[in-house]
Amino acid sequence: MQKLINSAISNIPDGLAKIANGRDNLPTIEAAYATSTSPQTIRKHLCLYGHFHGVKPVRIGRRLYFKVSDLAGLVRGDKS
């Protein structure tokens, strides 16, 4: 089990791991900072396309959060 956790953590780029600080989800503002975009750009993509470059947020309460593992794929440039 520990190997699975370590491999999941090692797949996250260093800058994103520092921003996430051990959290599984990031709010829109921090996701924008991690991807070097404006939060409004992310909101626009969500309104127009339903996703931000293939990453769909989860709604917690009234806020949108992005999974760190999904953002890691976006930052690394993985194709999905």
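Tutor: Two residues are in contact, or touch, when they have heavy atoms within 4.5 Å of each other. By that rule P27 touches L64 and Y65, leaving aside residues up to four places away in sequence. This is a predicted model, in which local features need pLDDT of at least 70 and side-chain atom pairs count only at pLDDT 80 or more, while totals for chains, interfaces and linings use all residues. Residues are numbered from 1 along each chain as its sequence is written, and side-chain values use heavy atoms, with hydrogens and water left out.

P27 lies in strand β1. Strands (E, at least two residues) and helices (H or I, at least four) are DSSP runs, numbered from the N terminus. Because its relative accessibility is 23%, P27 counts as partly exposed; buried is under 20% relative accessible area, exposed is over 50%, and partly exposed is in between (1.4 Å probe, protein chains only). Between the C-alpha atoms of P27 and K67 the distance is 9.1 Å, although 40 residues separate them along the chain.

Strand β1 belongs to an open sheet of three strands, ordered β1-β3-β2 with antiparallel pairing. Two strands pair if DSSP finds at least two bridges between them. At the edges are β1 (25-27) and β2 (58-60), each pairing on one side only. Three bridges link β1 with β3 (residues 63-67), and F66 in β3 is the bridge partner of L26.

Helix α5 (residues 68-76) lies across β1 and β3, at about 60 degrees to β3. Such angles run from 0 to 180 degrees between N-to-C directions, with axes fitted to C-alpha atoms, for helices over the stretch in contact.

Beyond residues up to four places away in sequence, L16 touches L26, A34, V68, L71 and A72.

A salt bridge joins E30 and R23 (2.4 Å, N to O); the term requires a side-chain nitrogen of Lys or Arg within 4 Å of a carboxyl oxygen of Asp or Glu. E30 is partly exposed because its relative accessible area is 24%.
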